[in-house]
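Me: I have a two-chain structure open. Can you walk me through it, starting with strand pairing?
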Amino acid sequence: MISLAGIVWGSPRTSHLYAIFKGRYVYFGETGHVPPVRWKSHLTSENDFLGKLYDVDIVEAKSPSPIFFVGIYIPCADSEPEPRQKIARRAIEAELHKRFALDPTQVAPAAALLSNPPPSPVRHSFSFNKSEVADSVYKLIAQQYKSWLVRSDGITFNQPVQGEPEFELPTR
Amino acid sequence: MDDETMTQTTQEIAIHAARLCQAIARIGYEPQTALLDIVDNAVTANASAIFISLYLALGRTLKNRNSVAMYQVVDNGSGMTNDEIVDAFAFGANGNYRPHSLSKYGMGLKSAGLSLGTRIHIVSKKNGVLSQRHTFDIDLVEKRNRFIITSSELTPEASAQYTKLLPGESGTVVEIDGCAKINHQSPSTTVRKLEEEMGVIYAKFISDSNSPVKIGIRVCAGDDAPFKGIAPLDILFPNGPTAYKTWDPETYDFVSPYLLLDEPWNPDLADGKTTSPIRLTVVAFPQDALGKMNSPLPPADREMVKRYEVSRKNAGFFIYRNERLIRWGDSLGILSKDEFNIRIRMDLTEEHDDVLHVDVTKQRFEIDDELLGRLKRILDDPRSTAKCIMKKCHELLKMPSGREGEKFTELSANVAEDDPEEMARGTPPDEVLKRQQAQAKESDEAKAEKGISGEDSSAKLGEPAFAKIRYTDQVDYQRFWTPYRDAKEGVFVCVNTAHPFYTEFMKGLADNAPERVLLETLIFAAAVAEINTIGNLYHVEIGAIKAVFDRFHRNYGTYLANFTSENINLLQE
């Protein structure tokens, strides 16, 4: 049978936060583009999601368990002057990491963080409340992740064909 | 091998009573923490008044080590019957604590008491009935090598004495003596620490609007000294003197405490276990120096900052267990020694005892690396903000405040401006008086013509002062400064703000910086010397003196200008 593997939409060059889940691992990040542009490198770069997962848990990295991606559009960051949009996204991303540290149970069974929180740009003030935005983003990520867990329950993810691992970094 | 498959027997093991007592007396109490553990029992017993007395041994003072003859803690809590007192002396006593009790292992009375002295006496009153006097004597335990207590009927005198201590329907007196055998800090240290810390430790209980707890402390040296009451103090200052503000780098006010985090932390335990959330509150305070004399803040704000007592000792994690502070200013290995303007309150309950491995004294605990890592991530942003606040305060302290010369005026208020050559002389000659009048006239004319009145620039809140150093561009070209003599207030100096030595060097120094004040002192001293010389050296013709000083100033100003141009980036280097 078939099952939905995800839908992505969004305008190019707009601000997003995103989360990536696999097994008990989670990664939070930000991008100034529609998220798949950034997600590609999370499956191919040694310094991003899959690369870090290889470093900490090679079994999970090579396992056929699915990867879940979720992107959240944050127009408030785009309302900042252009040179500050990246700083605004990083501020929310830092807050998002804080939300996870305060209450990781919202995204259980994911419990191990792979991303590094960016330094918080505390010298900047924004036209939005970064803490409130991050709280909404975290709740939406948790909601989407949990509903996907329910939807994907029972779906079998086959072992990759011998010699062709499903997730393998090109350099490894 | 499975235990059940093996043949098992049981046998009782020996307990060496005296050695066990010695051991529990040495689990890490200082006198004040031991006394606080006994106070905890009084709070647990719903006392509304707790009085701590330290009785000095004969001939000893507050400053001598080991000089306490007896510690006494009196409370008006629920009290105990004779049987209940005996039970309280049991090791691991009274395990059925009500939720959120300050007690934990049932060891506090013995371990805290035996860390203070060799004998613990308890007399209690319950439902109006006074108990016997029960004594746990470590010497007797050692002699018999058994856990025993002695119980004595009260003599009429003792009964009257304890009735006086326990005037209500219920209450308890705990007395510890045999203190001389234990090496202790001086009682002044114990009392100072208790006075400084109890208001913070029991702030919630003392300030409880429904059932406030009154705590008093005293030291008796053969007298019946009055108790000093302990005032509550929440070290995070949630109730003022100014309300918490929310961090915005554009509007930081250098006075208020800033609330940087107030969230429940849900520590994720292994194996899917959870526990109730721990409340985390983070507040950042302005730098302590803003409350000191050199602060550019107005006096009222300075006082406010001073009240926070921002210091290394008062920074870090303040960990509360059931609203009672158990850990004061711990870094938890997360905070560095420079982060002394941040206070982090962690609110635990007995539910977290096992997670955080709270020990018998309830003073120490351990957080595992995983939870510590999470806590560190949570605090990343508040810590960065607190550092930013510290930096802003530091910059303000170094920044000119627009009240140039005010500090010198303040510091020189009581410094005489007399000419040492004239001090032994009687009434000044007419020529001197004439010259002084001329100087006063010149001063008034300069004030009127050049707009250098200076009163506005030096005005301090509520007490305008005569500005002794005035910064103005109305000084003759080439001169760095010009002195004047006011008829009433004495000497004042106008410093040339157009002179390169000012624009390149002095302008960049904070108005209240010691460097600036010392430069002003050198200038002012020279000005006093010039004014006094012109006024008092009456046997030298005034025109000649003025010509000398005029030449002097041109040389002085020119040299400074040349030095400045040669070393233009001196302060930047």
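This is a predicted model: local features need pLDDT of at least 70, side-chain atom pairs count only at pLDDT 80 or more; totals for chains, interfaces and linings use all residues.

Me: OK. Which residue is the bridge partner of B:Thr246 in β11(B)?
Reply: B:Leu259 is the partner of B:Thr246.

Me: How many bridges join β10(B) to β11 of chain B, and do the strands run parallel or antiparallel?
Reply: Two bridges, and the strands run parallel. Strand β11 of chain B covers residues 258–265.

Me: What is the strand order of the open sheet in chain B?
Reply: The order is β10-β11-β12-β15-β13-β14. That makes six strands, with mixed pairing.

Me: Which are the edge strands?
Reply: β10 (245–246) and β14 (324–330) of chain B. Each of these pairs on one side only.

Me: Switching to domains. How is chain B divided?
Reply: The domain assignment gives domain 1 as 17–229, domain 2 as 245–398 and domain 3 as 406–566.

Me: How many Å separate the centres of domain 1 and domain 3 of chain B?
Reply: 67 Å, taken over C-alpha atoms.

Me: Now the interface. How many residues of chain A are in contact with chain B?
Reply: 19 residues of chain A, and they meet 24 residues of chain B.

Me: What area is buried between the two chains?
Reply: About 1,700 Å². Carbon and sulfur atoms give 55% of that.

Me: Which three residues supply more of chain A's buried area than any other three?
Reply: A:Leu102, A:Val122 and A:Arg123. Together they supply 37% of the area that chain A buries against chain B.

Me: And how many salt bridges cross that interface?
Reply: The rule finds two. One of the salt bridges pairs B:Glu263 with A:Arg99. Their closest N and O atoms are 2.6 Å apart.

Me: How many residue pairs are in polar contact between the chains?
Reply: Ten, with both residues at pLDDT 80 or more.

Me: Which elements give two or more residues to chain A's side?
Reply: α5 (82–102) and α6 (130–152) of chain A. The largest share comes from α5(A), with six residues.

Me: How do the residues on that side divide by type?
Reply: Eight are nonpolar, five polar and six charged.

Me: Zooming out, how many salt bridges are there over all chains?
Reply: The search finds 42. Among them is A:Glu30 with A:Arg89, with closest N and O atoms 2.7 Å apart.

Me: Where do A:Glu30 and A:Arg89 sit?
Reply: A:Glu30 is in strand β2 (residues 25–31) of chain A, and A:Arg89 is in helix α5 of chain A. The pair links distant parts of the chain, 59 residues apart.

Me: Backbone geometry next. Which residues does a cis peptide bond join?
Reply: A:Ala108 and A:Pro109, with omega about 10°. A:Pro109 is in the loop between α5 and β4 (112–113) of chain A.

Me: What about phi of A:Arg13?
Reply: Phi there is near 60°, a positive value in a residue other than glycine. A:Arg13 lies in the segment before β1 (16–22) of chain A. For context, most residues other than glycine have a negative phi, and most peptide bonds are trans.

Me: Last one: where does B:Arg485 lie?
Reply: In strand β17 (residues 481–486) of chain B.

Me: And what does B:Arg485 touch?
Reply: Not counting residues up to four places away in sequence, B:Arg485 touches several, including B:Gln436, B:Gln439, B:Val491 and B:Ile531. B:Ala527 is 42 residues from B:Arg485 in sequence, and the two are 9.4 Å apart in space, C-alpha to C-alpha.

Technical notes:
Residues are numbered from 1 along each chain as its sequence is written. Chains are lettered from A and ligands numbered from 1 in the order in which they are written. Side-chain values use heavy atoms; hydrogens and water are left out. Contact means heavy atoms within 4.5 Å. Buried area is the accessible area (1.4 Å probe) that two parts lose on being put together, summed over both. A salt bridge is a side-chain nitrogen of Lys or Arg within 4 Å of a carboxyl oxygen of Asp or Glu. A polar contact is a pair of N or O atoms within 3.5 Å; within protein, one must be able to donate a hydrogen and the other to accept it, and residues adjacent in sequence count only if both atoms are side-chain atoms. Helices (H or I, at least four residues) and strands (E, at least two) are DSSP runs, numbered from the N terminus. Ala, Val, Leu, Ile, Met, Phe, Trp, Tyr, Cys and Pro count as nonpolar, Asp, Glu, Lys and Arg as charged, and the others, Gly among them, as polar. Two strands pair if DSSP finds at least two bridges between them. Domain bounds come from an automatic or database domain assignment.
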